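Below are some notes for a colleague who has not seen this structure before. Please read them with the model open.

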Amino acid sequence: MSSLKKFHLQRKRKNRKFVKFLLGISIIVFSLFFALSVMQKNKINELDRQISAKEEEIDKLNLDIDSLKKDYKSRNTDKFKEKIARERLKMLKDDEYLYEDKNK
């Protein structure tokens with residue numbers, strides 16, 4: 001066999017090895033990018049859930065604020081004073097009775 005043919009055969013073998021190496025590297029890189037993409041998507045979903053929970057909490061707090069503002073505006077009325085006496089001081093009117101549940 002001539003040296004030129006030997007050279008071409010060796011070159012073909014080296015080229016095949018090189019192509020296989022590049023293919024392996026590209027599969028590994030693609031797999032890593034895919035895994036990172038999935039991890040980022042999971043993180044984004046978790047952050048979206050946290051944002052939704054915080055928005056619900058904000059809405060609830062806004063309702064509480066509105067209720068407190070309404071109470072503040074009516075703080076000098078008899079209705080408000082009665083409400084405070086019932087809720088915070090557990091006071092009853094003379095003709096009212098409190099029943100307690102023994103199961104609780």
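1. A term comes before the count: a salt bridge here is a side-chain nitrogen of Lys or Arg within 4 Å of a carboxyl oxygen of Asp or Glu. By that rule, the structure holds two salt bridges. This is a predicted model, in which local features need pLDDT of at least 70 and side-chain atom pairs count only at pLDDT 80 or more, while totals for chains, interfaces and linings use all residues. Residues are numbered from 1 along each chain as its sequence is written, and side-chain values use heavy atoms, with hydrogens and water left out.

2. Overall make-up. The chain has two helices and zero strands; helices (H or I, at least four residues) and strands (E, at least two) are DSSP runs, numbered from the N terminus. The radius of gyration is 38 Å, well over the 13 Å that the globule rule gives for 104 residues, so the chain is more spread out than a compact globule. That radius is taken over C-alpha atoms, and the globule rule is 2.2 Å times the number of residues to the power 0.38. Along the principal axes, the C-alpha atoms fill a box of roughly 120 × 40 × 10 Å.

3. Burial and surface. Buried means under 20% relative accessible area, exposed means over 50%, and partly exposed lies in between (1.4 Å probe, protein chains only). Of the 104 residues of the chain, 4% count as buried. The accessible surface comes to about 10,800 Å², and 60% of this belongs to carbon and sulfur atoms. These areas come from the Shrake-Rupley method with a 1.4 Å probe; for residues, only the protein chains shown count as cover.

4. Helix α2. Which residues of α2 are buried? In this helix, which spans residues 78-87, they are F80, I84 and A85. They cover an arc of only 135° around the axis, which puts them on the same side of α2; the arc is that of the directions from the helix axis to the C-beta atoms. D78 and K79, on the other side of α2, are exposed. The buried residues of α2 pack against α1 (3-73), where contact means heavy atoms within 4.5 Å.

5. The nonpolar patch. A nonpolar surface patch of about 1,100 Å² is made by a set of residues including F18, L22, I25, V29, L32 and M39. Patches are made of residues with over 30% relative accessible area and no salt bridge; like charges are joined within 9 Å, and nonpolar side chains (Val, Leu, Ile, Met, Phe, Trp, Tyr) within 5 Å. L22 lies in helix α1 and is partly exposed, at a relative accessible area of 42%.

6. The salt bridge of E46 and R49. Their side chains meet at 3.0 Å, N to O. The two residues are three apart in helix α1, which separates them by about one helical turn. E46 is partly exposed, with a relative accessible area of 31%, whereas R49 counts as exposed at 52%. An α-helix has 3.6 residues a turn, so residues three or four places apart point the same way.

7. The salt bridge of K54 and E57. The closest N and O atoms of this pair are 3.9 Å apart. K54 and E57 both lie in helix α1, three residues apart. E57 is partly exposed, with a relative accessible area of 44%, and K54 is exposed at 51%.

8. E56 is in helix α1 and counts as exposed, at 58% relative accessibility.
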